[in-house]
Each structure stands twice: as structure tokens, then as C-alpha cells.
Amino acid sequence: MPQSKFAFEAANNNPVAQDTGSRWMQSLGAIPTPSSVNEGYQAWMQAMSQEPAKLAALQQRFLDEQKRLFEFFTQSQSQTPAAAVPPLASAQDKRFAGDAWQSSPQFRYLAESYLSTYRLFLGSIESLDVAETTRKKMRFFVKQHLDAMSPSNFLATNPEALQSAIESNGETLKAGLENLREDMEKGHISMTDEEAFKVGENLAVTSGSVVFENEVFQLLQYTPLTKSVHVRPLLMVPPCINKFYILDLRPDNSFVRYAVEQGFTVFMVSWRNVQAEQGHLTWDDYIANGVVKAIDTVRCITNVDKINALGFCVGGTLLASAIAVLRRMRHDVVESVTFLTTFLDFSDTGEVTSYINEKFIASRETEVGHGGIVNGSDLAYAFTSLRANELIWNYVVGNYLKGTKPVAFDLLYWNSDSTNLPGPWYAYYLRNMYSKNNLVKPDKLVMCGVPVDLAYINTPAFVFAAKEDHIVPWSTAYKSASLLTGKTEFVLGAAGHVAGVVNPASKNKRSHRIGLAPSVTQQEWLDASTEVPGSWWPRWSAWLQQYGGRMVPARATLGSAEFKTIEAAPGSYVKQKS
């Protein structure tokens with residue numbers, strides 16, 4: 001297969017590809033050779049070699065397809081202008097849709113040849129007689145290889161980059177080298193103009209104060225924006241893998257500000273970006289000294305028996321764990337709960353399963369399971385690799401081959417603002433959730449000395465999933481919703497893990513689907529659901545109003561006599577860099 005051999009050799013000789021691959025492998029836990037990527041590719045090669053008839057058929061299809069493409073483009077070049085060649089697969093792929101690709105038969109042939117190889121490789125995986133878990137791993141890692149070897153990723157085979165270099169007399173190449181130098185100093189690929197944002201100045205600017213802090217988190221209380229508020233406050237628990245301000249980016253897309261405008265007294269957990277001194281923290285610390293402490297503090301400050309709570313991603317997993325512990329202890333302190341793109345059932349964790357295997361988890365347990373930190377930049381890079389074309393190679397091409405600077409984008413700035421994790425917490429999470437799926441097993445886990453059973457979560461629940469979520473597949477979020485024993489509303493939004501959540505009501509974009517309670521199969525729910533144009537935020541707000549309680553005058557001051565304000569929001573923990 002000449003095309004694939006050439007491309008793999010090119011990838012191995014490309015310093016940018018090598019650096020990206022090296023960083024990516026570090027983000028997977030620095031697994032010794034053979035790497036997980038090579039293991040996936042080698043598993044495919046071994047499986048194909050054991051089915052010689054399929055391998056021979058694959059090779060013949062490749063040769064036939066390459067011959068067909070070669071004849072098509074050589075005939076088109078001699079008989080008709082390049083612009084008149086009918087659109088093929090490359091025109092539908094944004095990497096090759098530009099005029100420089102489509103107007104040249106040679107480069108267009110290169111793109112079509114690559115895409116043909118791509119389809120044949122992935123198609124061959126589907127035909128193999130292997131376990132589904134093995135197939136997923138093959139698919140993921142072979143796709144990583146294929147994405148890396150795209151002709152768009154190399155200067156010699158990217159007509160847009162070559163054209164820019166010629167037209168600029170080489171200035172784009174000079175700029176690209178400077179961009180590469182700067183990114184190597186930063187330790188990551190720039191995906192946005194990082195000088196355009198500063199937390200507390202143009203991100204996370206909703207007015208409020210820090211009203212409590214300990215070793216694990218700071219608690220923020222936001223200033224009311226309405227004259228009267230619901231008596232029951234709302235506590236938001238974001239993921240500790242990321243910083244909380246994904247829910248408070250800018251005023252026009254801030255979920256926090258929206259909730260405050262709806263008449264809720266909103267509190268936010270701002271997890272500490274742990275350093276070496278916090279490397280001992282465990283899952284139980286995040287329950288007892290994190291979520292449970294936040295719930296108790298909010299109740300004390302607002303002088304209520306029950307609060308409403310919201311968890312996002314792993315923040316939702318922590319919140320569910322805490323509520324299950326409290327309910328088992330007969331502490332009925334949560335009136336309603338909202339879960340945003342959250343795993344409770346970890347039976348299908350999507351593409352990330354491909355590299356979270358026993359070998360990886362065991363190595364993490366050995367390295368940091370008894371103390372130490374997991375570097376936030378490695379975690380961020382691992383999740384970025386799940387969408388390598390959009391979040392890695394797109395910027396390799398733009399930053400280094402074309403010499404351009406990425407535009408300012410708040411969501412991507414947040415994505416690069418990584419957060420460290422304590423090793424014992426991380427090892428527990430991998431082992432008990434991703435590997436063993438123990439959270440769904442009644443009384444299998446003991447947290448803070450209490451057996452955990454999710455059936456004890458019988459509060460009304462609003463569960464939001466995103467249809468294109470590659471981190472928390474919506475099918476698994478749906479399964480998670482069915483574990484709750486209270487009245488549950490399930491809403492399926494558009495877009496992915498983050499963009500699905502950050503969908504401001506004021507912009508009226510995208511859509512969401514509503515339907516039956518999550519008591520039927522996923523497909524039955526989808527078939528019976530109704531699509532509603534626009535953001536899901538208003539529906540959530542209307543749902544939460546039911547559990548907010550009576551309206552009372554908004555407080556003029558934040559905190560209380562016992563919990564005095566410490567500093568202005570967004571606080572110091574969120575500003576700590578990894």
C-alpha cells in the first residue's frame with residue numbers, strides 16, 4: 001500500500017508530529033513501549049494477518065480504488081479543466097475543501113487517495129471477527145494514525161501552505177517556526193489567542209464573593225440581580241478536572257449569570273488547582289470536605305433546610321455520590337438535583353475507553369495512587385486527542401505550516417487552562433468508575449464510611465445530555481438517568497460535551513429534544529421525543545422554579561455572620577496555574 005507507507009514514514013519524520021505524539025503519549029501516562037497507539041495498530045495488523053482472505057481482498061480493493069482514482073484524474077486533467085471535475089469526497093472534508101485543493105488535479109488526487117485509504121482501513125476493522133472492545137480500541141488508535149498522516153499536515157503536500165509561503169516570500173514559514181518555538185516554550189499547542197483573556201477581568205466576571213475556603217475548594221456566592229429570590233439557593237458543582245468558569249465565561253454566555261437573573265441565589269464550588277502539598281487528597285476528601293461541606297455551608301448561610309444542587313460532568317458524579325451518602329445517613333438536605341453531561345453508569349465511556357485499560361490504571365496506581373499529582377496539561381491533552389483533527393492537527397497546520405495565529409475564543413482558552421488532580425483521587429476514579437463501574441452496584445463502594453447506593457437519590461432530577469458528546473456519550477447519560485428513583489426529566493441537547501451545555505438562551509441557537517421519563521429504551525425515547533428549537537436553559541429554569549420555594553427579598557450582603565466574605569469572585573483558587 002504505497003500511500004499508507006509513505007504517509008506513515010512522513011509522520012515519523014515530521015518533528016511536529018513527533019512532538020505532538022510524544023506529548024500525547026505523556027498525557028496517557030507515559031506507557032512504556034510498545035505504546036498504546038502501536039498496540040492498537042499492531043492488534044489490527046495481527047487480526048488481519050490471521051484472516052488472509054480478508055487481507056487479500058482489502059489489498060485488492062485498495063489497488064482497484066487507487067487505479068480508478070488515478071485514471072479519473074489523469075483523464076480529467078487532459079480532457080477538461082480541473083474546476084470542472086465533479087465534487088468527490090474531498091470536497092466534503094473541510095481539510096481539503098479549499099480552492100487550492102479542489103482546483104489542482106494533483107492535490108485533489110492526493111486528498112482522494114488518502115480518504116480512500118482511510119475508508120478502507122476503518123472498513124476493514126468492522127469486518128474482523130474480534131471482540132467489540134478490541135474493535136473499539138483498533139478503531140480509535142488506527143484513526144489516530146490515519147488522522148496524523150493526512151496530507152494536509154505536511155508542508156510538501158499542503159497546497160494552501162505552499163501557496164501562502166510563495167505569496168509571502170517565505171514569511172509564513174518564518175512565522176510558523178516562531179509559533180512553533182513559542183508553543184514549545186508553553187508546552188502546548190495554542191488553540192486561541194491566550195493574551196486576549198484574563199480570568200476575573202473578561203472571563204468569570206459575574207459579581208460575587210468567596211464566602212468559604214478550605215484545602216479542597218473555595219465557595220463563591222453571587223450577587224443577586226433581582227429584587228426577590230427563591231428561598232432555596234442553588235449550589236453548582238463543576239468538574240474538578242477543569243476550572244469552574246466554563247459556566248461563567250462572559251456575561252452573554254454565562255450559565256451562572258443566567259441562573260442569577262432567574263431569581264436564584266447561586267453558589268459555586270471552585271475546586272483547588274492542587275499542588276504537591278495537596279497530593280494526598282482522596283475521593284472521600286472531595287466528598288466530605290468538598291461537596292458535603294459546600295452543601296452544609298450553603299444551608300447555613302441561607303438558613304434553609306434544603307437546597308437545590310447541580311453537577312456538571314465529574315462534578316455530577318461527585319454530587320451524586322455525596323447525596324447518596326447523605327441520604328443513607330437520613331440527611332434529606334437536597335430538594336432537587338440537576339446533572340449536566342454526567343456519568344453515573346460507566347458501562348460505555350466512549351472513545352476514552354481505548355486507552356484506560358488495566359495496564360494504564362495499574363501504572364497510575366503505582367505512580368500516584370498513594371500520593372502525588374496528575375498534571376493538568378497531560379489530562380487536557382488526553383481529552384484533546386479524542387478530537388485530534390479539530391483540536392490538534394487543525395492548529396498544527398494553521399500555526400506552523402501557514403504561520404497564522406489562532407483567533408480569540410473563550411471556550412478554547414478555558415480548555416487550555418488546565419487543572420491538576422491529586423493522585424489518590426484520580427487512581428480511585430479510574431479504578432472504581434471507568435474500570436469496574438462500581439458506582440452502579442448497590443453497596444459495593446463505601447465512601448466516608450457509608451455504603452453507597454444510588455437508589456437512595458430519590459429527589460426530583462433534571463438530566464441533560466448532549467447528542468454529539470464524545471466524553472459522556474448520551475446513551476450512557478440516559479442509562480445514568482434511569483438509576484435515579486425520583487421523578488426525572490431527561491433532555492437531549494445538540495452539539496458536544498461543552499458546547500451543548502454552554503448554549504445561551506439569548507442567542508436562541510441549536511435545539512434540544514424532550515420526551516418521556518427515562519423508563520423506556522434509549523431508541524424508544526428518541527423515537528417518541530419532540531425537537532424544540534433553541535436553548536434548553538429556559539426549560540431547565542422553568543423546571544427548577546418548582547423547587548425554589550417561595551420568593552423572599554434578595555439579601556443586601558453576601559455570606560453571613562459565621563461565613564464572612566474572604567475576597568471577590570472569582571477567587572484565587574481558579575487563578576492558580578498548573
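## Close-up views of a predicted model

Figure 1. Helix 8, spanning residues 159–167, has Pro-159, Ala-161 and Ala-165 buried. These three sit on the same side of helix 8, because the arc they cover around the axis is only 160°. As a reminder, an α-helix has 3.6 residues a turn, so residues three or four places apart point the same way. The cover over the buried residues of helix 8 includes helix 5 (99–102), helix 6 (105–127), helix 9 (171–186) and helix 15 (388–401). Have a look at the two ends as well. After helix 8 comes Asn-169, and its phi is positive, near 55°. Keep in mind that this is a predicted model, here and in every view below.

Figure 2. Asp-147 belongs to helix 7, which covers residues 132–148. Is this side chain's residue buried or exposed? Asp-147 has a relative accessible area of 2%, so it counts as buried. What does the Asp-147 side chain make polar contacts with? One partner is the side chain of Tyr-118, at 3.2 Å, and another is the side chain of Asn-389, at 3.1 Å. Setting aside neighbours within four places in sequence, the residues in contact with Asp-147 are Arg-95, Tyr-114, Tyr-118, Asn-153, Ala-388, Asn-389 and Trp-393.

Figure 3. Strand 17 runs antiparallel to strand 1 (residues 208–213), and two bridges join them. To find your place on strand 17, look for Ala-568, which has Ser-209 opposite.

Figure 4. Glu-489 is part of strand 13, residues 488–493. With 19% relative accessibility, and the limit for buried being under 20%, Glu-489 counts as buried. A polar contact of 2.6 Å connects the side chains of Glu-489 and Arg-539. Leaving out neighbours within four places in sequence, Glu-489 is in contact with Ala-461, Phe-462, Val-463, Arg-539 and Trp-543.

Figure 5. The whole structure has 35 aromatic pairs. In one of them, Phe-212 and Phe-217, the ring centres are 5.5 Å apart and the planes meet at 45°, so this pair is tilted. Both Phe-212 and Phe-217 are buried. Another tilted pair is made by Trp-474 and Trp-525, at 6.1 Å centre to centre with 55° between the planes. This tryptophan pair links distant parts of the chain, as Trp-474 is in helix 18 (residues 474–481) and Trp-525, 51 residues apart from it, is in helix 19 (residues 522–528). Trp-474 counts as buried at 9% relative accessibility, and Trp-525 is buried too, at 0%. Back at the phenylalanines, Phe-212 and Phe-217 belong to one aromatic cluster that also takes in Trp-271, Trp-283, Tyr-286, Phe-343, Phe-346, Trp-425, Tyr-428, Tyr-429, Tyr-434 and Phe-563.

**Figure 6. Cysteines without disulfides.** How many disulfides does the model have? The count is zero. Cys-300 is in no disulfide, and the nearest cysteine sulfur, in Cys-448, is 18 Å away. For Cys-448, the closest cysteine sulfur is that of Cys-240 at 14 Å, which is too far for a bond; the cut-off is 2.5 Å. Cys-300 is partly exposed, at a relative accessible area of 46%, and Cys-448 is partly exposed as well, at 33%.

**Figure 7. Gly-315 in helix 12.** Gly-315 sits in helix 12, residues 314–328. Its relative accessible area is 0%, so Gly-315 is buried. Neighbours within four places in sequence aside, Gly-315 is in contact with Val-237, Pro-238 and Pro-239.

Key. Residues numbered from 1 in each chain as written. Predicted model: local features only at pLDDT ≥ 70, side-chain atom pairs only at ≥ 80, totals over all residues. Heavy atoms only, no water. Buried < 20%, exposed > 50% of the residue type's maximum accessible area, 1.4 Å probe, protein only. Helix = DSSP H or I, 4+ residues; strand = E, 2+ residues; numbered from the N terminus. Arc of directions from axis to C-beta. Contact = heavy atoms within 4.5 Å. Phe/Tyr/Trp six-rings, centres within 6.5 Å; stacked < 30°, edge-to-face > 60°. Polar contact = N/O pair within 3.5 Å; in protein donor to acceptor, adjacent residues only side chain to side chain. Pairing = 2+ DSSP bridges.
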